[in-house]
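Got your viewer open and a selection tool ready? Here is a short tour, stop by stop.

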Amino acid sequence: MVVGSIEIPFSIGCLADIPKVSSIALLQIPLPSSPRFFLSTTPKTLFSSSLHVPIRSLFTNVVEDIDDISPPRLVVDLNLETMILLVDLDGRGARYWWIHHVRRLSAAKVSADALERGQSRVIDASLTLIRERAKLKAELLRALGGVKASACLLGVPLGHNSSFLQGPAFAPPRIREAIWCGSTNSSTEEGKELNDPRVLTDVGDVPIQEIRDCGVEDDRLMNVVSESVKTVMEEDPLRPLVLGGDHSISYPVVRAVSEKLGGPVDILHLDAHPDIYDAFEGNIYSHASSFARIMEGGYARRLLQVGIRSITKEGREQGKRFGVEQYEMRTFSKDREKLESLKLGEGVKGVYISVDVDCLDPAFAPGVSHIEPGGLSFRDVLNILHNLQGDVVAGDVVEFNPQRDTVDGMTAMVAAKLVRELTAKISK
């Protein structure tokens, strides 16, 4: 989050008599002795495409709610001598207050060991909650009998590795709400009943924000996600079906699945983008880099990417480097027959399915961060999933952004339908 001490051009408009200045350092900012000020015009080079997103104070004393202000402004309390300027791309500044909190701990001379112990306690508590839920659900299934595999929902509400908007962090509860919406029933198209716990269980969410609030950075956070997935897999017959979150979660999830099963898997990846940059905008954990990390780690034998229609030169080069089978939408009519009769997983530990909701044409799913016309129809996706032959050991549904969905929640219902049909592929 902290990108360095960089000079940012902007103007300060004052609620008192503060003169205009031409630049200010991003980090250690000397502040005038005035109650508050606002910033306007956020530089796109630093904060990507955040220009149209409301920004609010990221500190403990948020002085006013400015969600409806446009252009975006940052209102801060000026009671400190120095302050860090940060932005929250989804307009919920309190989600990043932990950076200021950790600085205060440091200023109070809280030792690194004490901070580490506190972080470890929060992580252990988080994993314990998931573990106990998984044990309880698995014990019920074993008592009921007659089930070899049950899809188990695990939410990973992570959005900060998105390169554009961070709304996917809010997707898991909206998907769950849509799954059980009374406007439809609990049957999948293949006839399985979701209200049968032998078909679908749920162990809740990894508390991503609570963990980040303790100052846990991405290296360790990715390990927490992996450990959460392994915790589910330890309880037979549960198989993880992960609700994202942005696509960065696929890396720690696939890593966990491969490590737990003891070998690589075949991956069917439905997406408008290949997400295979080496490090997008310098972030090795970017949602646009997840499959580069997966292939580097040797966690996949085959990676099939379907629905691709926004791919750069680097995306194609990385695909060739890793031997990825990339099926672009411009040739979909030619590839359709092959893609609707896939047979995967022979000779490896199974099949992993990753569905980015933006694989669909935005006519079917407008509630995504990256709207890319010319995509798959919903029936195209279902035909590929229904006809796939292979043992599906895990999967994810990612990149649904509730903040861009239509008023009637159409994309939430689309994401829920994808979860339903993936559940049918996993459970047996």
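Does glutamine 318 count as buried or exposed? At 8% relative accessibility, glutamine 318 counts as buried (buried is under 20% relative accessible area, exposed over 50%, partly exposed in between, with a 1.4 Å probe and protein chains only).

Before moving on, some housekeeping. This is a predicted model, where local features need pLDDT of at least 70 and side-chain atom pairs count only at pLDDT 80 or more, while totals for chains, interfaces and linings use all residues. Residues are numbered from 1 along each chain as its sequence is written, and side-chain values use heavy atoms, with hydrogens and water left out.

Stay on glutamine 318 and show helix α9, residues 313-322, where it is found (helices are DSSP runs of H or I with at least four residues, strands runs of E with at least two, numbered from the N terminus). Leaving aside residues up to four places away in sequence, glutamine 318 touches Ile276, Tyr277, Asp278 and Ala292 (contact means heavy atoms within 4.5 Å).

Next, the rings. There are two aromatic pairs in the structure (rings of Phe, Tyr and Trp, the last by its six-membered ring, pair if their centres lie within 6.5 Å; planes under 30 degrees apart are stacked, over 60 edge-to-face, the rest tilted). Select tyrosine 251 and tyrosine 285: this pair is stacked, at 6.3 Å centre to centre with 25° between the planes. Tyrosine 251 sits in helix α7 (250-261) and tyrosine 285 in the loop between β11 (265-270) and α8 (290-296), so the pair ties together parts 34 residues apart in sequence. Tyrosine 251 is buried at 12%, and tyrosine 285 is buried at 14%.

Now pick tyrosine 277 and phenylalanine 280, a tilted pair with 4.8 Å between centres and 55° between planes. Tyrosine 277 is partly exposed at 23%, and phenylalanine 280 is partly exposed at 22%.

Over to the strands: select β12, residues 300-308. Seven of its nine residues are buried, so β12 is largely enclosed by the rest of the structure. To find one of them, look for valine 265, whose bridge partner in β12 is alanine 300.

Last stop: helix α4 (171-179) and helix α12 (410-426), whose axes come within 8 Å and cross at roughly 75° (axes are lines fitted to C-alpha atoms over the stretch in contact, with angles from 0 to 180 degrees between N-to-C directions).

Key
Pairing = 2+ DSSP bridges.
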